[in-house]
Amino acid sequence: MTSAPARGGALLPLLAAALAAAAFVSMDATIKSLAPRYGAVQLTFFRFVAGSVFALAIWAWVRSPMPARDQWRLHALRCVLLLLSLTSYFHALTLLPLAQAVAMSYTAPIFISLLAMLLLGERPTRWIWIALALGLAGAGVALWPELQKAGNPRLEGLLAAAFAAVSFSGVMVLARVQAQRDSLWTILLLQNLLPTALLAAPAAWLWAPVTPGDLPAIALTGLLATVGLLAITWAFRHLEASRVAPMEYTGLLWAGLLGYALFGEVPSAATLASAALIVGGCLLLLRR
């Protein structure tokens, strides 16, 4: 049995991961509301520019040190993976209902746990494997009906979301490594500024005029992304990647609620069944 102090020590990082999931799904909903007027590249640029404003403000206050020279390669790799992940995922949001896009993204914790074993030497317990299996089963239940439709135009969105999940798993495993070496505020700063610089030219080439009424929503994406990144990085700093990963699944509940409230997307029976499996896996992890 795990001692009470150990359980308490694990609870806060798990709750931080759940907060991150809620923040990221809220950001997804905000991006989806902007999608009819802007392309995926410009939406991704919006997210990083807005995030950079908050990251610069925080960094200017704390003045955390920059990474050592030998750490810049990892930061650059993580930023490229994050850029690929978000661009693909935002493209998926233009093609899929919010809950379905989020469900597809929940294959990422499976890859996170596998990469954590291969690269970080972590050894997930059987309880973590059960929680991951329940989460993956829940995502499969949500996706299966769409895969059965011949000539489904949403297939492109599903593939884009799957690619985003694979890329994001690399981002999260690198976060676990970097969180042990660099300041949280430095990580936040670099993973906003570097993608902004990389996207500047492509976004300018594909630029669509920005409506002034969209500026609050663009700013909100930066705020939500900052909250989510701070919460998930803090969680990875204090707990193994394979234990934090299943908490990502709680975001599907938020996706269902926001999809209905903002876009009139009524969750299907398959979506509700998948949510039950996903929540079951997260509750099992918390119980353990």
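Predicted model: local features only at pLDDT ≥ 70, side-chain atom pairs only at ≥ 80, totals over all residues.
A salt bridge is here a side-chain nitrogen of Lys or Arg within 4 Å of a carboxyl oxygen of Asp or Glu. Lysine 32 belongs to helix H1 (residues 4-34) and glutamate 265 to the loop between helix H11 (251-263) and helix H12 (269-287), so the pair ties together parts that are 233 residues apart in sequence. Helices (H or I, at least four residues) are DSSP runs, numbered from the N terminus. Both lysine 32 and glutamate 265 are buried, where buried means under 20% relative accessible area, exposed over 50% and partly exposed in between (1.4 Å probe, protein chains only).

Across the whole structure, the search finds two salt bridges. Arginine 37 and aspartate 214 also meet through their side chains in a salt bridge (2.9 Å, N to O). Arginine 37 is in the loop between H1 and helix H2 (40-62), and aspartate 214 is in the loop between helix H8 (184-205) and helix H9 (215-238), so this pair ties together parts that are 177 residues apart in sequence. Arginine 37 counts as partly exposed because its relative accessibility is 40%, whereas aspartate 214, at 8% relative accessibility, counts as buried.

Residues are numbered from 1 along each chain as its sequence is written.

Helix packing was examined for H7. Helix H4 (residues 98-105) packs with helix H7 (residues 155-178) at an angle of about 40°, and their axes are 8 Å apart. Axes are lines fitted to C-alpha atoms, for helices over the stretch in contact, and angles run from 0 to 180 degrees between N-to-C directions. H4 and H7 are therefore oblique to each other; angles under 35 degrees count as roughly parallel, over 145 as roughly antiparallel, 65 to 115 as roughly perpendicular and the rest as oblique. In H4, Gln100, Ala101, Met104 and Ser105 meet Leu158, Ala161, Ala162 and Ala165 of H7, with contact meaning heavy atoms within 4.5 Å.

Helix H3 (residues 72-93) packs with H7 at an angle of about 155°, with axes 7 Å apart. H3 and H7 are therefore roughly antiparallel to each other.

Terms used:
Heavy atoms only, no water. Helix = DSSP H or I, 4+ residues; strand = E, 2+ residues; numbered from the N terminus.
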